[in-house]
Amino acid sequence: MKKKLYICVAAQRLSHDDHKIYRGVVPMSEIHRDKFFEEVNDPRDADIIYLGQFSDGNRQFVRNDFPELDLQDKLFVADIEGDWHNKKIALDLIQNVYLTINNAKTEYAASGGRMFVRPTFSKLLHELATAQRTIEFKPNISKIFGFLGQLDPNGTRLRMAQACEVAKIKHDIVFNDQSYSQQGSGADKVEEYIARMKESTFALCPRGVGRDTIRFFEACAAGRIPVILSSIEIFRSNETDHFWFKMPHDASSAQIALFLREISDLPVADIEARQVAARQYFETLVKEYFQNPTKVFLNWLEKESPRGI
């Protein structure tokens with residue numbers, strides 16, 4: 001049975017719905033709504049009230065623009081996109097609205113946020129998640145920590161590289177002069193990126209301009225163990241074994257070095273098990289999401305909401 005959906009007058013469309021590649025990759029996208037919802041004109045009749053998307057590219061949340069929030073006993077949903085300017089989400093949104101969000105900062109969860117953490121996207125990730133491209137999986141126990149990417153303005157990636165030297169671990173770190181995340185299969189840098197990923201045991205996944213890391217998902221697709229340097233929540237983390245490692249991005253080089261040294265000492269059996277778990281996570285939970293993000297989100301919402309939908 002379809003749920004009744006009211007879309008607020010002030011709601012901004014999902015920016016992804018205008019993109020030829022990323023159309024439909026975010027919950028509540030226009031191309032999936034008809035499968036699950038009947039739109040209504042009165043918010044009092046709705047099962048879900050949708051506030052639209054708030055991103056760095058459109059206007060920020062203003063409470064007075066959404067009088068619908070005054071209604072009692074309603075489910076409110078909004079999407080949060082991007083964090084390039086270290087945007088802070090209004091507490092009113094965090095505490096009263098179910099958020100579909102990339103870059104879910106750990107402090108949002110601590111503030112009572114009810115967040116469905118969704119992926120951020122690259123062209124390669126989209127190809128891998130929609131079976132346009134596959135990476136052959138073979139366990140790798142070389143204990144090499146690999147990274148290919150550009151430097152970030154926060155200094156996280158430089159500290160990471162310095163930490164690898166201090167820790168005296170095997171590493172393969174190469175810095176580009178620009179981002180290649182919107183290039184797909186066949187591009188020289190993308191093919192080099194995949195080749196270096198396969199040659200590593202651990203995929204270093206530091207934050208970039210924003211806190212999120214697309215590399216986490218691409219590493220899982222290759223069956224490599226992600227080593228995250230960022231304070232973020234992990235997509236569907238409660239549905240899988242804990243195969244990754246994570247440390248706050250503001251850690252010092254010395255702290256990161258100790259962290260990496262300990263990871264490097266993992267027994268081979270543990271390494272292989274984590275690599276298999278990473279690949280399984282991608283093949284099941286990540287690919288399922290890309291097939292129909294709205295369906296996965298609604299299943300989550302049904303469980304999270306005290307009264308269901």
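User: Which residues does N292 touch, not counting residues up to four places away in sequence?
Analyst: This is a predicted model, in which local features need pLDDT of at least 70 and side-chain atom pairs count only at pLDDT 80 or more, whereas totals for chains, interfaces and linings use all residues. Residues are numbered from 1 along each chain as its sequence is written, and side-chain values use heavy atoms, with hydrogens and water left out. With contact taken as heavy atoms within 4.5 Å, and with residues up to four places away in sequence not counted, N292 touches H32, K35 and F36.

User: Is N292 buried or exposed?
Analyst: N292 lies in the loop between α9 and α10 (293-304), where helices are DSSP runs of H or I with at least four residues (strands being runs of E with at least two), numbered from the N terminus. Buried means under 20% relative accessible area, exposed over 50% and partly exposed in between, with a 1.4 Å probe and protein chains only. At 11% relative accessibility, N292 therefore counts as buried.

User: What does H126 contact, leaving aside its neighbours within four places in sequence?
Analyst: H126 is found in helix α4, residues 123-129, and is buried, with a relative accessible area of 14%. Leaving aside neighbours within four places in sequence, the residues in contact with H126 are I21, Y22, V25, Q132 and F290.

User: How are α7 and α9 oriented to each other?
Analyst: Helix α7 (residues 215-222) and helix α9 (residues 268-291) pack with their axes 6 Å apart, at an angle of about 110 degrees; axes are lines fitted to C-alpha atoms, for helices over the stretch in contact, and angles run from 0 to 180 degrees between N-to-C directions. The contact is made by F216, F217, C220, A221 and A222 of α7 with A278, R279, Y281, F282 and V286 of α9. Angles under 35 degrees count as roughly parallel, over 145 as roughly antiparallel, 65 to 115 as roughly perpendicular and the rest as oblique. Therefore α7 and α9 are, to each other, roughly perpendicular.
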